[in-house]
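Visitor: I would like a close look at the charged side chains and at what surrounds them. Please take me through that part step by step.

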Amino acid sequence: MNSEKEYSLFLGSGIRVNELSNLRLRDLDFEEKQIHVLRKGGKKDVVAVSPPSMQDIKDYLAVRTERYRGSNDDTDYVFLTRVNDGGPPLFPTAPSRL
């Protein structure tokens with residue numbers, strides 16, 4: 001399920017793989033259907049996301065805490081490794097294997 005939602009957001013927003021893997025919960029704006037990303041060179045940007053992709057992320061977040069042991073802290077990464085044991089977020093090359 002994790003890969004499916006990553007793929008949806010990747011296609012629905014056009015962000016780079018590294019930006020996807022570094023997304024934090026605070027970066028999601030469901031009301032405006034957009035995400036806040038940190039671009040190359042440290043530039044902050046706001047990216048529109050398709051409504052179906054935003055719904056996919058909502059669906060993922062509904063099971064994320066239980067399945068991946070993620071917290072709901074704003075600083076937590078959106079996409080986690082299989083089991084969040086305090087380690088790093090999703091490895092940046094993981095979406096490229098989709």
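Guide: Start with a cut-off. A residue counts as buried under 20% relative accessible area, as exposed over 50%, and as partly exposed in between. Keep in mind that this is a predicted model.

Now take Arg-16. Its relative accessible area is 39%, so Arg-16 is partly exposed. Its salt-bridge partner is Glu-19, and the closest N and O atoms of the two are 3.0 Å apart. Glu-19 has a relative accessibility of 6%, so this residue counts as buried.

Glu-19 has another partner. A salt bridge joins Glu-19 to Arg-39, again with the closest N and O atoms 3.0 Å apart. Look at where the two sit. Glu-19 belongs to helix 2, residues 17–21, while Arg-39 is in the loop between strand 2 (34–38) and strand 3 (44–48), so the pair ties together parts that are 20 residues apart in sequence. Both Glu-19 and Arg-39 are buried.

Move on to Asp-76. Its side chain meets that of Arg-64 in a salt bridge, at 2.9 Å from N to O. Arg-64 lies in helix 3 (51–68) and Asp-76 in the segment after helix 3. The two are 12 residues apart, and the pair links distant parts of the chain. Asp-76 and Arg-64 are both buried.

In total, the structure holds four salt bridges. The general idea is simple: side chains of opposite charge can pair when their charged atoms come close.

Strand 2 and strand 3 form a hairpin with five residues between them. In that turn, Gly-41 has a positive phi of about 80 degrees. The two strands pair in the antiparallel sense over five bridges. Gln-34 stands opposite Ala-48 in strand 3.

Strand 2 also pairs with strand 1, residues 28–29. This pairing is antiparallel too, over two bridges. Leu-28 has Ile-35 in strand 2 as its bridge partner. Strand 1 and strand 2 form a hairpin as well, with four residues between them. Lys-33, in the turn, has a positive phi of about 55 degrees.

Now look at the faces of strand 2. In a regular strand, side chains alternate between the two faces of the sheet. The covered face of strand 2 carries Ile-35 and Val-37. Its uncovered face carries Gln-34, His-36 and Leu-38.

End with one more charge. The charged end of Arg-24 sits over the ring of Tyr-77, 4.0 Å from the centre of that ring. As for rings with rings, the structure holds one aromatic pair.

How values were computed
Residues are numbered from 1 along each chain as its sequence is written. This is a predicted model: local features need pLDDT of at least 70, side-chain atom pairs count only at pLDDT 80 or more; totals for chains, interfaces and linings use all residues. Side-chain values use heavy atoms; hydrogens and water are left out. Buried means under 20% relative accessible area, exposed over 50%, partly exposed in between (1.4 Å probe, protein chains only). Two strands pair if DSSP finds at least two bridges between them. Rings of Phe, Tyr and Trp (its six-membered ring) pair if their centres lie within 6.5 Å; planes under 30 degrees apart count as stacked, over 60 as edge-to-face and the rest as tilted. A charge sits over a ring if NZ of Lys or CZ of Arg is within 6 Å of the ring centre and within 35 degrees of the ring normal.
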